[in-house]
Amino acid sequence: MESFLLLTALTLADMGTTLYALRNGAHEVNPMLSRCFSKFGVLSTLVAIKSAFLGLMWAVRDATIPEVPFSPLEILCALYVVVVIHNLLEIKKQRDLNSQ
């Protein structure tokens, strides 16, 4: 349960930092996601995708991978930490560019 709560918090952090970065000059690099942002709006797209993702993760929250010492949720949490750090670095880069 703790891993799912952490994944939820990291997903919300990803959404927040993504919204902030995009509103401050960053650009979405995923072309499929960028098209969805244009068609449905950034917030609507993020809420739909992240809700579906968390719903799926809730359904498989007790899954294990043989011979792997970490659960899939723990692995996803580690990956999401990297995503949030990347978003924060993009925000810093945009701030530096905007201050010039």
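Which backbone nitrogen does a side-chain oxygen of Asn30 reach at the start of helix α2? In this predicted model, local features need pLDDT of at least 70 and side-chain atom pairs count only at pLDDT 80 or more, whereas totals for chains, interfaces and linings use all residues. Residues are numbered from 1 along each chain as its sequence is written, and side-chain values use heavy atoms, with hydrogens and water left out. The side-chain oxygen of Asn30 comes to within 2.9 Å of the backbone nitrogen of Met32, at the start of α2 (residues 31–40); helices are DSSP runs (H or I, at least four residues), numbered from the N terminus. Gly41, which follows α2, has a positive phi near 95°.

The largest nonpolar core comprises nine residues, among them Phe4, Leu7, Phe53, Leu73 and Tyr80. Such a core is a set of buried Ala, Val, Leu, Ile, Met, Phe, Trp, Tyr and Cys residues joined through side-chain atoms within 4.5 Å, where buried means under 20% relative accessible area (1.4 Å probe, protein chains only). At least two residues of this core come from each of α1 (2–23), α3 (42–59) and α4 (72–98). A second, separate core has five residues, including Met15, Leu19, Phe37 and Leu46.

Thr11 belongs to helix α1 and counts as buried because its relative accessibility is 0%. Beyond four places in sequence, Thr11 touches Lys50, Phe53, Leu54 and Tyr80, contact being defined as heavy atoms within 4.5 Å.

Methods: Buried < 20%, exposed > 50% of the residue type's maximum accessible area, 1.4 Å probe, protein only. Polar contact = N/O pair within 3.5 Å; in protein donor to acceptor, adjacent residues only side chain to side chain.
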